[in-house]
Amino acid sequence: MTLPIGFVVVLDRHTRVIDGGRALLGGFPTRLLRLTPRARRLLTGRTVAVRDAASALLADRLLEAGMANPVVHALPPNADPRYTVVVPVRDRARQLDRLLGSIERGHPVLVVDDASLRPEAVAAVAARHGAGLLALPANAGPAGARNAGLRLVTTPYVVFVDSDIVLAPDTVPTLLRHFADSRVAMAVPRITGLPAAATTWIGRYENARSSLDLGAHPAAVRPGSPVSWASTACVVARVDALAGGFDERLRVGEDVDLCWRLIENGRRVRYEPAVQAVHEHRGRLGDWLPRKAFYGTGAQPLAERHPGFIAPAVLAPWSTALVTVLLAQRRWSLPAAAAVAGVTALRIARKLHGTGHPHRLALRLTANGVVGALTQTSALLTRHWWPLTAVGCLASRRMRRAAAVAALTDIALEYRRDRAHLDPVRYGVARRLDDLAYGAGVWFSALEGRSVAALKPRINR
């Protein structure tokens with residue numbers, strides 16, 4: 001069995017139990033799973049506990065569909081929890097000292113000095129904490145430094161931690177529980193901001209809206225889902241699953257590439273926000289803005305390696321039609337969009353035939369699809385395609401109106417959700433600068449690679 005006795009999963013918050021418990025609706029992409037009478041007996045409330053081969057099969061299928069997540073604190077402890085901590089670093093002696101002080105004693109720690117300008121400071125910190133030191137003669141980048149450390153690991157698990165992270169005592173032990181599932185290759189915690197670093201308005205925005213923070217809900221990491229990638233700023237990985245390690249040709253996006261290669265190979269990557277790692281975000285505009293653009297430059301190399309996984313938006317044919325007629329901003333746009341949504345709801349209702357209240361469920365799913373399509377279109381206009389939006393605004397009043405609605409609605413919705421310790425005006429400015437910088441990086445990488453693959457939306461049929 002893939003899952004051992006004692007493994008427990010709980011239905012994802014987006015998964016609905018319908019038709020009196022005879023079916024489940026959810027997952028990514030959304031699907032209807034009809035349960036046999038035997039399978040219904042295995043579902044207790046919203047949980048499935050693995051007691052035999054049948055319950056293991058059901059739990060595994062729910063995990064694979066994205067309809068359930070492990071109950072991490074109920075999972076059996078790892079039978080062989082030995083791990084080595086690998087810390088890639090270039091200078092940053094102060095941050096390294098803070099990190100090493102937060103690491104639990106009793107496990108090997110290897111600091112990989114990636115050609116620091118002041119190697120003696122890094123060596124002194126490593127020695128003070130009893131950590132091993134591997135000094136690289138030339139700068140290899142994050143991927144190369146991690147790989148150099150990985151080649152020296154002899155334990156079953158490796159923990160990669162960046163020097164600007166602070167670990168909580170329960171982070172690694174909790175993540176190790178996920179490896180009770182033999183298909184799990186990596187597990188990552190939630191990355192939150194260091195409160196002491198949020199002394200500027202950019203720092204406060206980043207603490208509320210960091211690219212590294214993947215949210216408060218557990219998930220399987222997979223393209224096309226709410227958690228489509230995971231950072232390796234802090235990650236626990238199964239050493240025997242990392243054959244080849246990181247792609248050393250990548251100076252950005254190497255963590256996304258590794259996640260997606262593992263998924264392509266049938267492995268699982270788990271995101272576990274029950275535990276956290278604290279990250280010292282950039283708080284100065286002059287440091288923060290170039291970093292956002294740098295992240296964007298990873299889009300084109302990732303598009304070359306994983307053409308089926310990367311897209312600035314993923315739409316269905318019906319939602320593409322709906323968005324198109326709304327952007328036309330004609331008198332007939334709203335009636336046409338309503339007609340598209342109505343036909344879609346009827347088609348979904350037919351697929352849900354045999355369940356209780358199929359039309360009500362279909363309307364709910366269609367409404368969710370409309371919101372998702374509008375949200376993604378807003379992101380295209382203000383983030384990935386903003387250079388085209390800017391040119392369009394010069395020539396078209398309709399484009400100016402669409403861009404204004406997208407930008408202001410996005411700020412209003414995200415500000416309410418993020419609850420940033422920042423006034424709406426500065427939050428809005430930071431939000432737009434974030435999008436402009438990232439989008440500029442995407443366009444730079446597209447021009448450099450002479451390809452628009454990273455800018456093309458995907459239409460899923």
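How are helices α13 and α15 oriented to each other? In this predicted model, in which local features need pLDDT of at least 70, side-chain atom pairs count only at pLDDT 80 or more, and totals for chains, interfaces and linings use all residues, α13 and α15 are roughly perpendicular to each other. Residues are numbered from 1 along each chain as its sequence is written, and side-chain values use heavy atoms, with hydrogens and water left out.

Two packed helices are described by the angle between their axes and the distance between the axes. Helix α15 spans residues 397–418, and its packing with α13 has an angle of about 105° and an axis separation of 9 Å. Axes here are lines fitted to C-alpha atoms, for helices over the stretch in contact, and angles run from 0 to 180 degrees between N-to-C directions. Angles of 65 to 115 degrees count as roughly perpendicular, those under 35 as roughly parallel, those over 145 as roughly antiparallel and the rest as oblique. Helices (H or I, at least four residues) and strands (E, at least two) are DSSP runs, numbered from the N terminus. On the α13 side the contact (heavy atoms within 4.5 Å) is made by S378, L381 and T382, which meet M399, A402, A406, A407 and D410 in α15. By class, the contact of α13 with α15 has five nonpolar, two polar and one charged residues. In this classification Ala, Val, Leu, Ile, Met, Phe, Trp, Tyr, Cys and Pro are nonpolar, Asp, Glu, Lys and Arg are charged, and the others, Gly among them, are polar.

Helix α13 (residues 358–384) also meets helix α14 (residues 386–395); their axes come within 5 Å and cross at roughly 85°. Helices α13 and α14 are therefore roughly perpendicular to each other. L380, L381, T382, R383 and H384 of α13 are in contact with W386, P387 and T389 of α14. This contact of α13 with α14 has four nonpolar, three polar and one charged residues.

T382, located in helix α13, has a relative accessible area of 10% and is buried, a term that means under 20% relative accessible area, with exposed meaning over 50% and partly exposed in between (1.4 Å probe, protein chains only). Leaving aside neighbours within four places in sequence, T382 touches A406, A407, R432 and D435.

R432 and D435 are themselves joined by a salt bridge, with the closest N and O atoms 2.5 Å apart. A salt bridge is a side-chain nitrogen of Lys or Arg within 4 Å of a carboxyl oxygen of Asp or Glu. The two residues are three apart in helix α16 (residues 424–449), and R432 and D435 are therefore separated by about one helical turn. Both R432 and D435 are buried. Through salt bridges that share partners, E206, K292, R383, D410, R431, R432, D434 and D435 are joined into one network.

The structure holds 31 salt bridges. One of them links the side chains of R268 and D181 at 2.7 Å, N to O. R268 lies in strand β15 (residues 268–279) and D181 in the loop between α6 (171–176) and β12 (184–193), so the pair ties together parts that are 87 residues apart in sequence. R268 is buried at 8% relative accessibility, and D181 is buried with a relative accessible area of 2%. A further salt bridge joins the side chains of D213 and R190 (2.8 Å, N to O). D213 belongs to the loop between α7 (201–209) and β13 (219–220) and R190 to strand β12, so this pair ties together parts that are 23 residues apart in sequence.

An open sheet of three strands has the order β5-β1-β6, with antiparallel pairing; two strands pair if DSSP finds at least two bridges between them. Strands β5 (47–49) and β6 (68–70) stand at the edges, each with a single partner strand, so one side of each is left without a neighbour in the sheet. Neighbouring strands of this sheet are turned against each other by 25° on average, direction ignored. Strand β1 (residues 8–11) runs antiparallel to β6 and is joined to β6 by three bridges, and V10 stands opposite N69 in β6. Helix α2 (residues 53–65) lies across β1, β5 and β6, running at about 135° to β5.

Another open sheet of three strands has the order β2-β3-β4, also with antiparallel pairing. Its edge strands, β2 (16–18) and β4 (31–34), each pair on one side only. Four bridges connect strand β3 (residues 23–26) with β4 in the antiparallel sense, and L24 stands opposite L33 in β4.
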